[in-house]
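Student: Could we look at how helices pack in this protein? I would like to go step by step.

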Amino acid sequence: MKKTVLVSGGAGFIGSHVTVELISAGYDVVIADNMSNCDMTGYEGVSKIIGRELPFIRMDFCDSQAVDKLFSDYRIDAVIHFAAFKAVGESVAEPLKYYKNNLMSFLNLLDAAHSHGGCNVLFSSSATVYGEPDQSPVTEQTPRQPSTSPYGNTKQMCEDFLRDCVKAYPDIKGIALRYFNPIGAHPSALIGELPRGVPNNLVPFITQTAIGKRECLSIFGNDYPTPDGTCLRDYIDIVDLAKAHVCAVSRMIDGKMKENYEIFNIGTGRPLSVYELVTAFEKVNGLKLNYKYADRRPGDVVAIWADPTLANEELGWKAERSIEETLASAWAWEKHLAETGK
Ligand code: UFG
């Protein structure tokens, strides 16, 4: 019998790509999303790619009754929790909004999972939990640093909620995936990143500049202690990232976990500077980008990249797409948006 995975925030950027990979791996998926940070583009794109419509529940995970009902209505074998706010700067300005939403939604989910007989829970965490590491690459053993933003705090706290629930309730198993910088789009160009307003993240800003929606990309800081003076990150392709979720879900459902709570870094292990990423984008897509150097962005980490060995060995997962393929897919997606008037 097919296993069912609940994907909270399944209409968003990462959730939509994960849904596609889950379906292609033979899972059933139930999508739940309150659409607070996306429209139906992601859901419609998924439907086109997989050739059918999936159950879609428009609901807020802060509504405990709605979460409870979800677990009554469906036999859920695993849940992947994406539904959260994610803008670092906004979280500094509006901490309560972030704490209420990101913490309550996950607590409601854990509560419902436990009261309905338990569940496998995959939490979408972030490299942000490492703060500014003393050195890179970081392993899962690298100590977490005190967070510089409420957003980062919510990631750390939700990891702790999961760890503590797993310890106390044998019917809950958990995996936290710590993503580095997810970029790119599905090769079909039917799903991708669709930020509302001015993009915070680098790649959507690049593609929007290339298409003419933005005048000029600002590269935040070129006087960092790095080879070319710009920050170093580990950019992970969104489809590769999505596949890591399938590996993690299978590991939980198939009873292959070594501990009942596990953490994996999901990155390539290769650092790339902002400047290198910009020039790679120009080269692979055969265009010139209008960019300038600007002041450092407050709160930016100088350099961080993953040691993905644990995920490679334990999940049997490895980043496969080249940065060129990924940046070409990001550009194809931006052009698809322009063609469809978005
Ligand atoms: N950058 C620019 N110009 C831009 C946007 C970004 O130069 O217009 C630079 C940033 O300064 C940084 C790099 O591009 O050096 C990557 O920035 P992103 O905003 O794309 O990604 P971050 O590494 O800042 O953010 C990521 C995740 C967050 C997470 C954060 C923690 O997207 O969810 O890591 O460090 F919180």
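Tutor: Gladly! This is a predicted model, where local features need pLDDT of at least 70, side-chain atom pairs count only at pLDDT 80 or more, and totals for chains, interfaces and linings use all residues. Residues are numbered from 1 along each chain as its sequence is written, and side-chain values use heavy atoms, with hydrogens and water left out.

Student: At what angle do helix α9 and helix α11 pack?

Tutor: Helices here are DSSP runs (H or I, at least four residues), numbered from the N terminus. Axes are lines fitted to C-alpha atoms over the stretch in contact, and angles run from 0 to 180 degrees between N-to-C directions. For α9 (residues 274–285) and α11 (residues 323–339), the axes are 9 Å apart and the angle is about 75 degrees.

Student: How is α9 placed relative to α11?

Tutor: Angles from 65 to 115 degrees count as roughly perpendicular. The angle here is about 75 degrees, so α9 is, relative to α11, roughly perpendicular.

Student: Which residues of α11 meet α9?

Tutor: Contact means heavy atoms within 4.5 Å. From α9 come Leu277, Ala280, Phe281, Val284 and Asn285. Their partners in α11 are Ile323, Glu324, Leu327, Ala328 and Trp331.

Student: What do the end C-alpha atoms of α11 tell us about its span?

Tutor: The expected span is 1.5 Å times one less than the number of residues. The 17 residues of α11 should therefore span 24 Å. That agrees with its end C-alpha atoms, which are apart by 24 Å.

Student: Which residue comes just after α11 with a positive phi?

Tutor: Look just past the end of α11 for a phi of about 75 degrees. The residue there is glycine 341.

Notes:
Helix = DSSP H or I, 4+ residues; strand = E, 2+ residues; numbered from the N terminus. Parallel < 35°, antiparallel > 145°, perpendicular 65-115°, else oblique.
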